[in-house]
Amino acid sequence: MILITIQLQENITTAPQYQLTGPAKLSPDSVYIYGPTDLLGTIDAILTDSIIYHDVRDSISQVVKLIVPEGLRCARKQTEVNYYDEKD
């Protein structure tokens, strides 16, 4: 068992005159994974399903599925992603 970081796969663009106030916040941002030691040693991060938003004008909150490599188990199946947006 190891604690590993969740890596968000994202493509986010804001509408003109808007900007994200910082990177996405993940909750949780890491998870425990279980499996054979030889497989655990090959994993650097757990990826999420891709999320795509264009012309964002408001904050976003979404639950995103985790992609767990074959042969491993994960303590969670999803994470919550939050983006905060503001007008310039």
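This is a predicted model: local features need pLDDT of at least 70, side-chain atom pairs count only at pLDDT 80 or more; totals for chains, interfaces and linings use all residues.
In which sense do β3 and strand β8 pair, and over how many bridges?

**View 1. β3 meets β8.** Strand β8 covers residues 78–83. Its pairing with β3 is antiparallel and runs over 3 bridges. Here S27 stands opposite E80, a residue of β8.

**View 2. The open sheet.** The sheet is built from 7 strands. Their order is β3-β8-β6-β5-β1-β4-β7, and the pairing is mixed. At the edges lie β3 (25–27) and β7 (73–74). Each of these edge strands pairs on one side only.

**View 3. The largest nonpolar core.** This core holds 19 residues. V31, I33, I46, V81 and Y83 have the most contacts inside it. At least two core residues come from each of β1 (2–14), β4 (30–34), β5 (46–56), β6 (60–67) and β8. The top contributor is β1, which gives 4 residues. In soluble globular proteins, nonpolar side chains tend to be buried together.

**View 4. A nonpolar patch on the surface.** M1, L3 and Y32 form this patch. Together they have about 340 Å² of accessible area. M1 sits in the segment before β1. Is M1 buried or exposed? M1 has a relative accessible area of 60%, so it counts as exposed; the cut-off for that is over 50%.

Technical notes:
Residues are numbered from 1 along each chain as its sequence is written. Side-chain values use heavy atoms; hydrogens and water are left out. Two strands pair if DSSP finds at least two bridges between them. A nonpolar core is a set of buried Ala, Val, Leu, Ile, Met, Phe, Trp, Tyr and Cys residues joined through side-chain atoms within 4.5 Å. Buried means under 20% relative accessible area, exposed over 50%, partly exposed in between (1.4 Å probe, protein chains only). Patches are made of residues with over 30% relative accessible area and no salt bridge: like charges are joined within 9 Å, nonpolar side chains (Val, Leu, Ile, Met, Phe, Trp, Tyr) within 5 Å. Accessible areas come from the Shrake-Rupley method with a 1.4 Å probe; for residues, only the protein chains shown count as cover. A salt bridge is a side-chain nitrogen of Lys or Arg within 4 Å of a carboxyl oxygen of Asp or Glu.
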